[in-house]
Amino acid sequence: MATLGIWIAAFLTICIYSFLYRDNPFYRFAEHLLVGMSVGYIIVLTIYFGFIPYAWTPIKNAVTGETSALGFLTLIPICMGLLFFARLSDRHAWLIRYPIAILMGISSGIMIPNALQTDIFAQIRGTLGPYSVIGTLSAFEIVGAILMVVGVVCTLTYFFFSVEHRGPIAGISKVGIAFLMIGFGSAFGNTVMGRVALLIQRVDFLINGWLGTIF
Amino acid sequence: MFEKLMNIDRRIIFILVALVVIIPMLFTFSIPLNVSEPTQKLYDYIEGLPAGATIMISFDYGPSSFPETEPMAAAVMKHCFDKGIQVIGITLEYIDAVPLADRVMQQVAEEKDAVYGEDYVLLGYRPGESFVILGMGAEIASVFDSDFSETPIGEIPMMQNITNYDQVSLLLNLAAGSSVEGWITYGHTKFNLKIAAGVTGVIVSQMYPYLQTGQLVGLLAGFRGAGEYEKLINAPGEGTKGINTASFVHLLIIGLVVIGNIAFFVQRRREE
């Protein structure tokens, strides 16, 4: 049975890579199969790990008396969630505002203070922090600290549109563009590494996992 | 010649990449690999933990990204089991990460003779990422009342003395999405939980600001991070094998980028 699975996986892998030559029915078959299987798999997992333990079981236990009637409280969030489907009816579309308002309110209340601390205050501290101990830093670290501030200021200037980008501002924002390009280059290089990793894993499977079962 | 290069059939590049991936796989060799500072930091942190400590691994990747993150999970767990550190596995972002996490945990546990429930446990998936992180800060059992096979958490020996993050020495987030930000925002900022990340190459650039501020104690960057960690624990595995092959592909791509740029500028000068 395992061998059959390996052969199916190898066949589908080759079908997908056949697209590199040109579009063909084998590729389209594998693509549609992947999309269908993925959606079906996720739906089943969501029902099994989401709906059954958090909605079905508490209500069932409350109905059968296995637990207290508190299980019925689950009906409140379920009904709130069902209001999302009100969007499908023009007459009742306004009802969707309630679940969205609750979600927005709770999420914002939880997120804003923590996100401010994480992404604003901590990052400012991290950028300026080295200057408070500059006497203890090596020459390399001092250059790094200076580059950090220059990079942050120049990049933010590039995104500051309330003044016209002429004269010194244009020069500063051009330096900002250079920092951005370095950042994008780094992201591109890492993305290549990630994509290559996926290719290597598949080729490794084809050579050692699949051909290894034949020869 | 440069005109031909600018109009080269992309399938020739595909064939070159395929050859550069396949040929190194047919031979056994090892390319020298220097351990980067972020990987060393994570290793040092775990190395400094006492036996009996607990780390939590959040498996937040799916089948489309496991080749990069799974070798990291295996390497870190080998290190933990060698040192007698307990491992709690959870998944928050990808529901289909549960079978992947189960597979890698079982593989490493078999290799290291680790016992389920005593040395490691997989609690499974819970929806509502940020609320789960916040809930576990108060009490893990309030969110995960059972493990992924529905064994009540109270019946799992290693969970008897673990109530919340106070008993967790490190959270390692193996991620292919935005879950690291969630862990830092809620786990670290609110509960001062130590966070480390092992992420795919696509998102690694976003992680460096958090590393620089100390919000991450360490970082594993894609295939390379896995290979570096394997080197540190002296257990070459999928990461080492992958980075050996990837190095040739990187050289090819660098060469193609350089040639493409030269051809572009030469052709533009001629047109002018």
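Helices (H or I, at least four residues) and strands (E, at least two) are DSSP runs numbered from the N terminus.

The model is a predicted one, in which local features need pLDDT of at least 70 and side-chain atom pairs count only at pLDDT 80 or more, while totals for chains, interfaces and linings use all residues. Residues are numbered from 1 along each chain as its sequence is written, and chains are lettered from A and ligands numbered from 1 in the order in which they are written.

Helix 6 of chain A has a kink of about 30°, centred on A:F205; the bend at a residue is the angle between axes fitted to the seven residues ending there and the seven starting there. Its buried residues are A:G176, A:N190, A:M193, A:G194, A:V196, A:A197 and A:I200. A residue is buried if 20 or more other C-beta atoms, placed from the backbone, lie within 10 Å of its own. The cover over these residues includes helix 5 (139-158) of chain A, and from chain B helix 2 (10-25), helix 4 (66-83), helix 10 (222-232) and helix 11 (238-271).

In chain A, the domain assignment, automatic or from a database, gives domain 1 (1-67) and domain 2 (133-215). The C-alpha centres of these two domains are separated by 35 Å. Four residues of domain 1 of chain A are in contact with six residues of domain 2 of chain A, contact being defined by C-beta atoms, placed from the backbone, within 7 Å. The touching side of domain 1 of chain A comprises two nonpolar, two polar and no charged residues.

In chain B, the assignment gives domain 1 (1-30 + 240-272) and domain 2 (32-235), with C-alpha centres 36 Å apart. Here, four residues of domain 1 of chain B are in contact with seven residues of domain 2 of chain B.

Strand 5 (residues 195-199) of chain B is mostly covered, five of its five residues being buried. B:I195, B:A197 and B:V199 point one way from this strand, and B:A196 and B:G198 the other way. Strand 5 of chain B pairs with strand 4 (residues 170-175) of chain B in the parallel sense over five bridges; pairing requires at least two bridges found by DSSP. B:L171 stands opposite B:I195 of strand 5 of chain B.

Conventions:
Two residues are in contact if their C-beta atoms, placed from the backbone, lie within 7 Å. A residue is buried if 20 or more other C-beta atoms lie within 10 Å of its own, exposed if 12 or fewer, and partly exposed in between; C-beta atoms are placed from the backbone. Ala, Val, Leu, Ile, Met, Phe, Trp, Tyr, Cys and Pro count as nonpolar, Asp, Glu, Lys and Arg as charged, and the others, Gly among them, as polar.
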